[in-house]
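Subject: Structure handover

Hello,

Please read them with the model open.

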Amino acid sequence: MSGRRAAANAASNAGGRAPLPILFLLVCLAACLLPGCSAKTITGLVWREPEVAGPAGSGSAVARSALSQVGKPYRYGGSTPRGFDCSGLIWWAYRQHGVTVPRVTTDQARAGKAVKANAMRPGDVLVFKSRSSARGLHTALYAGNGTFVHSPSSGSRVRTDKIANSYWSKRLIRVRRLLR
């Protein structure tokens with residue numbers, strides 16, 4: 001069958017209308033749901049997960065939920081245990097406790113209340129400046145004891161890192177508290 005004849009048959013089978021409006025809607029939906037954030041992969045020591053105490057529904061409980069996902073793969077646009085991007089991990093961890101937070105990194109970076117770095121509590125959102133990210137930002141959850149949990153970049157897994165690590169300490173630009 002010729003290319004023209006196949007195209008004509010496909011058009012008649014589709015009621016004569018091309019599926020462009022549906023395709024357009026799907027592309028727009030995908031653009032809204034895939035936030036994207038990544039940072040350069042850092043090699044180094046694997047830190048012991050911090051002990052996080054606190055009542056259920058607190059920032060500590062949110063941090064524990066995020067820590068339970070250590071080892072899960074990075075997945076662009078991911079927000080489930082099958083894979084997370086940085087903002088998806090935060091969104092998922094808060095959602096486990098019935099708290100709705102913004103899904104994308106840029107919105108998470110503005111959510112809640114600004115907190116000084118020396119007043120961080122488990123569950124606070126850390127915002128880092130990242131050269132390799134599409135929007136220039138990377139978010140993570142403070143886990144306590146100078147550590148944070150995050151999904152750093154493509155090819156990596158959810159892990160904990162130390163804020164004192166020189167790579168991260170010089171890139172930390174703000175801390176946001178989403179819970180009281």
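Leu126 has its bridge partner in β5: Ala140. This is a predicted model, where local features need pLDDT of at least 70, side-chain atom pairs count only at pLDDT 80 or more, and totals for chains, interfaces and linings use all residues. Residues are numbered from 1 along each chain as its sequence is written, and side-chain values use heavy atoms, leaving out hydrogens and water.

Strands here are DSSP runs (E, at least two residues), as are helices (H or I, at least four), numbered from the N terminus. Two strands pair if DSSP finds at least two bridges between them.

β4 (residues 125–129) and β5 run antiparallel, joined by 5 bridges. β5 also runs antiparallel to β6 (residues 147–150), through 3 bridges. There, Leu141 sits opposite Val149.

Now the cores. A nonpolar core is a set of buried Ala, Val, Leu, Ile, Met, Phe, Trp, Tyr and Cys residues joined through side-chain atoms within 4.5 Å. The largest has 22 residues; Tyr94, Leu141 and Val149 touch the most other members. α3 (59–67), α4 (86–95), β4 and β5 each supply at least two residues. α4 gives the most, with 6. A second, separate core has 11 residues, including Leu126 and Tyr142.

Best wishes

How values were computed:
Buried means under 20% relative accessible area, exposed over 50%, partly exposed in between (1.4 Å probe, protein chains only).
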